[in-house]
Amino acid sequence: MSTPVIIDGFVELPDYGADRRGEASAAAALDREWRLQRELYASEWRSTPEQLAAPLNYDDLATRLFGDAGVDIAVVHSPATATVRWEVAAFRERFPGRVLVMAGIDPFFGIARALDDLDRAAESGAVGISLDQYRLIDGVDRSYSLADEAEIYPLLERCGALGLKVVSVRKGNPRGLDPMDPYRVADLDYAARDFPQLSFEVVHAGLTFLDEFALQMARFTNVWANLATTNHFAMRQPRRLAEVLGEFGLHGAADRVVFGSGALGHPRPLLDALRTFRMPTDMVDEGYFEMTDALRTGLLGGNAARLHGLDLRGGADSFAIVDAGLVR
């Protein structure tokens with residue numbers, strides 16, 4: 001029997017260093033990570049605070065993804081630092097055909113530099129870009145809006161010209177002591193409207209601002225939801241995940257939702273929970289969709305394949321596309 005292809009749409013190495021957000025914020029981010037793991041993971045899968053603080057390397061990441069969890073393809077979101085970019089490129093070379101790279105682009109130091117970085121990302125084989133709209137620079141809060149026609153629109157225009165069709169943006173989940181404002185979703189309206197040729201993937205979708213974001217998905221068919229962090233509720237608080245998925249479904253966007261393990265814990269128990277997740281009967285009776293095999297196949301891999309334009313037929317391990325989604 002064929003098995004669905006698993007595409008992890010948001011993979012990154014956790015970074016709790018103080019260089020980008022200050023010592024107090026880094027400590028707060030680490031504490032929140034520990035509290036989330038304690039809330040959502042069974043005890044045998046939790047990391048200790050000491051383990052969380054230690055850097056996770058790409059060997060460990062490969063074991064977790066391709067070994068323990070059985071992920072077929074990982075979409076790695078690279079921070080906008082030269083060292084990490086090199087590490088991500090080396091990781092992709094180790095697993096040809098199984099690693100896609102979303103290149104981190106940093107507009108905080110001027111559009112000219114950002115465009116140069118974008119050109120290099122395209123030359124290196126990136127499939128899209130990853131944006132983080134907040135940074136603490138020299139002790140000063142810095143952020144930007146996706147509606148900024150002077151500094152951000154040229155970046156989006158260049159993405160389209162270079163064939164980088166996916167723009168991933170972190171929303172709704174401030175880390176450490178980051179302010180909430182840069183993580184709100186309102187500015188996405190303008191970019192999605194003015195760049196219909198691009199697909200805007202919102203990471204941590206539904207964790208906050210659920211009503212506003214569901215309406216964005218209803219109005220703009222180029223807006224996608226990456227459930228990194230949010231999909232972890234499948235393990236211990238499945239009704240909360242059901243409310244998120246249900247709202248996306250009511251707004252006609254159930255086929256634009258992708259799984260992402262992120263940097264939060266081990267992906268194996270998360271995938272196990274998603275494979276058995278069901279919409280509660282009372283919610284289905286109220287008009288929410290049922291979790292069919294086709295929808296689950298899309299969530300765990302088929303939707304991500306469409307987002308990134310993957311044709312997996314005849315590729316590694318004889319992937320093929322049939323009917324309800326991707327199967328192997």
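Let me start with what counts as a strand: a DSSP run of type E, at least two residues long, numbered from the N terminus. Two strands pair if DSSP finds at least two bridges between them. Keep in mind that this is a predicted model.

Now the hairpin of β5 and β6. It has 2 residues between the strands. Asp138 takes a positive phi there, near 55°. Strand β5 covers residues 134-137, and β6 covers 140-143. They run antiparallel, joined by 4 bridges. Tyr134 stands opposite Ser143 in β6.

Asn226 stands opposite Val258 in β10.

On to charges. Side chains of opposite charge can pair when their charged atoms come close. This structure holds 14 salt bridges. One of them joins Arg135 and Asp106, at 2.5 Å from N to O. Arg135 lies in β5 and Asp106 in the loop between β3 and α5, so the pair ties together parts that are 29 residues apart in sequence.

Are these two buried or exposed? Buried means under 20% relative accessible area. Arg135 is at 13%, so it counts as buried. Asp106, at 9%, is buried too.

Compare Arg184 and Asp181, which meet at 2.9 Å. Arg184 is partly exposed at 38%. Asp181 is exposed at 57%.

Conventions:
Residues numbered from 1 in each chain as written. Predicted model: local features only at pLDDT ≥ 70, side-chain atom pairs only at ≥ 80, totals over all residues. Heavy atoms only, no water. Salt bridge = Lys/Arg side-chain N within 4 Å of Asp/Glu carboxyl O. Buried < 20%, exposed > 50% of the residue type's maximum accessible area, 1.4 Å probe, protein only.
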